[in-house]
Amino acid sequence: MIKGKENLRICLAASAGGHISQLLKIVDNWNGYSTFCITTTEVVRDKLRQRGKVYIVGECNRQHPIRVIKVLVRCIKAVLRERPDVVISTGAAAGCMVCFLGKIIGAKVIWVDSITNVERISLSGRMVRYIADLFLVQWPESAQRYKNVEYVGAVI
Amino acid sequence: MIFLTVGTQFPFDRLVKAVDDAFDEGVISEEIFAQIGETSYKPHNFESVVSLEKKVFDKHLKKASGIISHAGVGTITIALNNEKPLLVMPRLKKYGEVVNDHQLAIARKFEEFGHILVAYQEEGLAKKIEQLKSFIPRQRKSNAKAVAARISEFLHKIGTSEERLYRRKVDGAFIKSKIG
């Protein structure tokens with residue numbers, strides 16, 4: 001398996017739209033890491049291509065349980081094939097699933113909660129908080145409200 | 001030209017109709033081009049498409065003198081990056097436009113900082129479109145670099161942790177035994 005800087009294989013997992021654009025803001029400040037991406041729609045494939053292999057798992061939310069299962073299966077396949085050492089996600093549902101799957105295979109989990117969660121962290125974030133190894137928020141208010149949550153700054 | 005975009009994941013009839021109505025009232029004199037996703041309301045005052053390829057989207061964005069959209073972070077980021085005046089109408093949970101009211105929260109914050117204009121209801125939209133013409137958005141100072149540095153530091157800690165170094169040593173010995 002190809003490994004990059006620090007000898008780590010990193011999974012970037014986020015839904016298309018605001019979530020992935022926030023994750024890319026972070027990643028744009030890096031180089032040398034070996035990464036691959038898991039996202040939800042084809043629209044963003046081109047934007048991600050330079051960050052390694054791209055897996056498209058489809059959109060889902062809590063209101064469509066069958067779609068959630070389909071997305072979950074695709075996430076499992078991607079994670080098992082790539083065996084990341086680290087998962088970094090900005091949400092939402094798909095990102096949350098990848099974090100849990102990553103944790104199961106022994107990866108470290110980094111969560112950056114989306115900037116839209118001003119007073120309270122997102123539902124996905126609240127779940128991932130239990131397993132995250134590093135949990136960052138983008139508003140100082142919410143860092144004060146929760147334990148083991150760090151505020152460094154906003155990525156946008 | 002004003003570029004109206006509502007994202008592709010959910011319809012947003014309320015916004016598209018409100019802009020169309022503002023046109024009827026004579027508030028808008030400029031040309032409008034709209035990307036309306038699965039919105040079922042079809043505007044009669046301007047051209048609209050379901051979705052746009054990234055390249056075409058960027059072309060319309062560059063050409064636009066102002067943007068009207070939902071309060072999605074993706075669109076807000078694009079508008080700020082391109083220094084375009086942006087007017088948003090937050091999608092609301094009570095109308096089933098989105099799963100929670102996160103768009104309302106971010107719209108309030110960014111309005112407070114002077115980055116965007118916000119119309120919270122259809123009624124206020126026409127007046128805000130008027131303001132959009134002379135609105136100069138305050139640029140945001142991103143801390144993405146600091147966040148990236150914090151994560152890099154963490155990755156370095158993982159990469160050089162005892163546990164990993166041990167795993168690498170075991171892996172190395174295993175590979176060596178296979179080759180040798």
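Visitor: How far apart do the C-alpha centres of domain 1 and domain 2 of chain B lie?
Guide: They lie 45 Å apart. This is a predicted model, so local features need pLDDT of at least 70, side-chain atom pairs count only at pLDDT 80 or more, and totals for chains, interfaces and linings use all residues. Residues are numbered from 1 along each chain as its sequence is written, and chains are lettered from A and ligands numbered from 1 in the order in which they are written.

Visitor: Where do the two domains of chain B run?
Guide: Domain 1 covers 2–132 and domain 2 covers 144–179. Those bounds come from an automatic or database domain assignment.

Visitor: Switching to chain A. How many helices and strands does chain A have?
Guide: Chain A has 6 helices and 7 strands. Both are DSSP runs numbered from the N terminus: helices are H or I with at least four residues, strands are E with at least two. The order from the N terminus is β-α-β-α-β-α-β-α-β-α-β-α-β.

Visitor: Why call chain A as compact as a globular protein of that length?
Guide: Its radius of gyration is 14 Å, close to the 15 Å that the globule rule gives for 156 residues, so chain A is as compact as a globular protein of that length. The radius is taken over C-alpha atoms, and the rule is 2.2 Å times the number of residues to the power 0.38.

Visitor: What share of chain A is buried?
Guide: Buried residues make up 51% of the 156. Buried means 20 or more other C-beta atoms within 10 Å of the residue's own; exposed means 12 or fewer, partly exposed is in between, and C-beta atoms are placed from the backbone.

Visitor: In what order do the strands of chain A sit in their sheet?
Guide: The order is 3-2-1-4-5-6-7, in an open sheet with parallel pairing. Two strands pair if DSSP finds at least two bridges between them. Strand 3 (54–56) and strand 7 (150–151) of chain A stand at the edges with a single partner strand each, so one side of each has no neighbour in the sheet.

Visitor: How many bridges join strands 4 and 5 of chain A?
Guide: There are 4 bridges, between residues 86–91 and residues 108–112. A:Val86 has A:Lys108 as its bridge partner in strand 5.

Visitor: And the sheet of chain B, which strand order does it have?
Guide: Its 6 strands run 3-2-1-4-5-6, again open and parallel. Strands 1 (2–5) and 2 (32–35) of chain B are joined by 4 bridges. B:Leu4 has its partner, B:Ala34, in strand 2.

Visitor: How many residues are in the largest nonpolar core?
Guide: That core has 91 residues, and A:Val87 is among those with the most contacts inside it. A nonpolar core is a set of buried Ala, Val, Leu, Ile, Met, Phe, Trp, Tyr and Cys residues joined through C-beta atoms within 7 Å. Both domains of chain B give residues to this core, so it lies between them.

Visitor: Which residues does A:Val87 touch?
Guide: Leaving out residues up to four places away in sequence, its contacts include A:Cys11, A:Ala13 and A:Val98. Contact means C-beta atoms, placed from the backbone, within 7 Å.

Visitor: How many residues does each chain put into the contact between A and B?
Guide: Chain B gives 30 and chain A gives 32. On the chain B side, helix 6 gives the most, with 13 residues.

Definitions and conventions:
Contact = placed C-beta atoms within 7 Å.
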